[in-house]
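Have the sequence and the 3D view open as you read.

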Amino acid sequence: MPRFRECKHCGSEVDTYCQTKIEVGGYINECVDCVIELGTEKAVRYRGVVDGSGKMAALSIVAFDSKEDADAYVASFNSCGFGRRKTNNCNQIRHRHIGFNGGNENHKGKL
Ligand SMILES: [Zn+2]
């Protein structure tokens, strides 16, 4: 595979081995600027996080706008769960919940 491609949008040279290009994503024939400008990178970074509520673990599937946000969220979430104080900053990181499979908190009438 040739290292350099021509960007299909603007015709400038694309260095496919460039770290920035690898992180930004997009097609192999799109330069970094066009990927960012046109928003052509469609791969959403997903992470699943599990908390300890109820009899089964609740699973949150969360989508982020960047890999950095995703990693920060998981790091924050994992540092706060399971009985420790809720000092996380999960809600300060830009994210959106894609799906939430809530834990079963049914106590069978004995509350
Ligand atoms: Zn371009």
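## The chain as a whole

Of the contacts in the chain with a separation of 6 or more, 36% are between residues 24 or more positions apart; two residues are in contact if their C-beta atoms, placed from the backbone, lie within 7 Å. Buried residues make up 9% of the 111 residues in the chain, where buried means that 20 or more other C-beta atoms lie within 10 Å of the residue's own, exposed means 12 or fewer, and partly exposed is in between.

This is a predicted model, in which local features need pLDDT of at least 70 and side-chain atom pairs count only at pLDDT 80 or more, while totals for chains, interfaces and linings use all residues. Residues are numbered from 1 along each chain as its sequence is written.

## Helices and strands

The chain has three helices and five strands. Starting at the N terminus, the order is β-β-α-α-β-β-α-β. Both kinds of element are DSSP runs, numbered from the N terminus: helices are H or I with at least four residues, strands E with at least two.

## A look at H9

Where does H9 lie? Find the loop between β1 (4–6) and β2 (13–15). H9 is partly exposed, because 17 other C-beta atoms are within 10 Å.

Leaving aside residues up to four places away in sequence, H9 touches E30, C34 and L38. H9 and C31 are 22 residues apart in sequence, and their C-alpha atoms are 8.0 Å apart in space.

## Confidence

The average pLDDT (the predictor's confidence in each residue, from 0 to 100) is 72 for the chain, and 46% of the residues score at least 70. Over residues 83–87 the pLDDT is below 50, and this stretch has two contacts in the model beyond near neighbours in sequence. Where pLDDT is low, predicted coordinates should not be read in detail.
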